[in-house]
Amino acid sequence: MTVQLDHQIAVRLEAVSKRYGDLLALDRVGLSVAPGEFVCLLGASGCGKSTLLSLVAGLDRPTAGQITTTGRRVAMMFQEPALFPWLTVSANVEMAMRELPRRERRARAEQFLEMVHLGGFGKKRPHELSGGMRQRVALARSLAQDADVLLMDEPFGALDAMTRDLLHDELERIWRERELSVLFVTHNVREAVRLGDRVVLLSSRPGKVVEEFPVRLARPRRTDSAEVATLAARITDQLKQEVARHAETSRPPTAHHAQTSLPPVAHRAETSGQTGVRS
Ligand SMILES: Nc1ncnc2c1ncn2[C@@H]1O[C@H](COP(=O)(O)OP(=O)(O)O)[C@@H](O)[C@H]1O
Ligand SMILES: [Mg+2]
């Protein structure tokens with residue numbers, strides 16, 4: 001169990017560094033998420049976002065620094081929903097509640113499926129659902145872990161824009177209803193502004209917090225609204241500067257490299273299948 005150290009903090013990283021051999025992936029990152037806060041972590045591909053989340057989830061250990069999580073449980077959600085294909089949708093959600101009696105598990109799974117607008121789909125298998133529906137199941141499973149801290153690693157990155165918009169609305173509703181603390185990783189600037197109370201910008205290799213942008217726009221926001229676009233443009237400028245700075249300092253400045261270093265649009269299916277829980 002995590003010791004309750006500070007009631008104003010759901011997640012705190014203090015001077016967290018992570019080294020893989022010669023590669024410094026994260027460099028003294030300081031970051032905190034307050035209870036009930038929605039924080040988006042934004043950065044170019046390879047800057048250490050997934051590394052940071054896996055450290056917070058307890059799937060890996062930092063090389064230096066300290067990570068504190070308070071609250072009941074931390075759940076992690078990846079870009080790929082990682083459902084068991086041979087189990088029904090309901091059984092996939094029930095997996096998160098193995099400590100409960102079977103009948104209660106089933107009833108609660110149905111409640112969580114209703115929460116993500118999948119009531120009545122419990123008997124289906126994952127392959128019978130669309131990509132967006134499968135991500136809803138993954139979200140229901142995270143909620144079923146009784147987590148109040150949700151770590152999300154580009155969870156909607158593989159979805160089409162319309163499905164993503166719908167899931168933004170639903171995630172926002174559930175976040176409010178259940179008073180979750182969310183650390184949401186993305187390289188999509190508009191998505192970060194659509195969802196976050198705060199957007200934290202990470203620099204590239206080594207990943208380091210370079211700037212934080214509070215998002216004071218009224219909710220619910222629309223990804224295609226002028227307000228979101230204006231702030232997203234400001235953040236994108238900063239992100240491009242970071243990427244350009246990195247391109248100048250870390251490698252010979254060839255035209256080819258400068259081009260490929262721009263904020264990415266392609267998605268990498270880079271996450272493993274497991275759901276990480278730390279109590
Ligand atoms: N297990 C690992 N072993 C070695 N290098 C890794 C490992 N995980 C990530 N890296 C490296 O650390 C850097 C950050 O990776 P990652 O956290 O996946 O970035 P992001 O999620 O921002 O795209 C990359 O250069 C990546 O190649
Ligand atoms: Mg990643």
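User: By class, how many nonpolar, polar and charged residues does the shell around ligand 1 have?

Analyst: The model is predicted, so local features need pLDDT of at least 70 and side-chain atom pairs count only at pLDDT 80 or more, whereas totals for chains, interfaces and linings use all residues. Residues are numbered from 1 along each chain as its sequence is written, and chains are lettered from A and ligands numbered from 1 in the order in which they are written. Ala, Val, Leu, Ile, Met, Phe, Trp, Tyr, Cys and Pro count as nonpolar, Asp, Glu, Lys and Arg as charged, and the others, Gly among them, as polar. On this basis the shell around ligand 1 has four nonpolar, six polar and two charged residues.

User: Which residues come nearest to ligand 1, and which element gives the largest share of the shell?

Analyst: A residue is near the ligand if its C-beta atom, placed from the backbone, lies within 6 Å of it. Of the 12 residues around ligand 1, those that come nearest are Tyr20, Ala25, Lys49, Ser50 and Thr51. Two or more residues are given to this shell by E2 and by helix H1 (49-56), elements being DSSP runs numbered from the N terminus, helices (H or I) of at least four residues and strands (E) of at least two. The largest share, three residues, comes from H1.

User: Why is H1 described as largely enclosed by the rest of the structure?

Analyst: A residue is buried if 20 or more other C-beta atoms lie within 10 Å of its own, exposed if 12 or fewer, and partly exposed in between, with C-beta atoms placed from the backbone. In H1 the buried residues are Lys49, Ser50, Thr51, Leu52, Leu53, Leu55 and Val56. H1 is therefore largely enclosed, the buried count being seven of its eight residues.

User: In what order do the three strands of the open sheet stand, and which strands are at its edges?

Analyst: Two strands pair if DSSP finds at least two bridges between them. The order is E2-E1-E4, with antiparallel pairing. Each edge strand has a single partner, so one side of each is left without a neighbour in the sheet; these are strand E2 (23-33) and strand E4 (64-69).

User: How many bridges join E1 to E2, and how many pair E1 with E4?

Analyst: Strand E1 (residues 11-20) runs antiparallel to E2, joined by seven bridges; valine 11 is partnered there by valine 33, and leucine 13 by leucine 31. Towards E4, serine 17 stands opposite alanine 64. The antiparallel pairing of E1 and E4 extends over five bridges.

User: Which residues touch the most other members of the largest nonpolar core?

Analyst: A nonpolar core is a set of buried Ala, Val, Leu, Ile, Met, Phe, Trp, Tyr and Cys residues joined through C-beta atoms within 7 Å. Leucine 183, leaving aside neighbours within four places in sequence, is in contact (C-beta atoms, placed from the backbone, within 7 Å) with residues including Val11, Val33, Leu53 and Leu151. Of the 67 residues in the core, those touching the most other members are Leu41, Leu42, Ala140, Leu151 and Leu183.

User: Is threonine 186 buried or exposed?

Analyst: Threonine 186 lies in strand E7 (residues 181-186). Beyond four places in sequence, threonine 186 touches Cys40, Leu42, Glu154, Glu191 and Ala192. Because threonine 186 has 23 C-beta neighbours inside 10 Å, its class is buried.

How values were computed. Contact = placed C-beta atoms within 7 Å.
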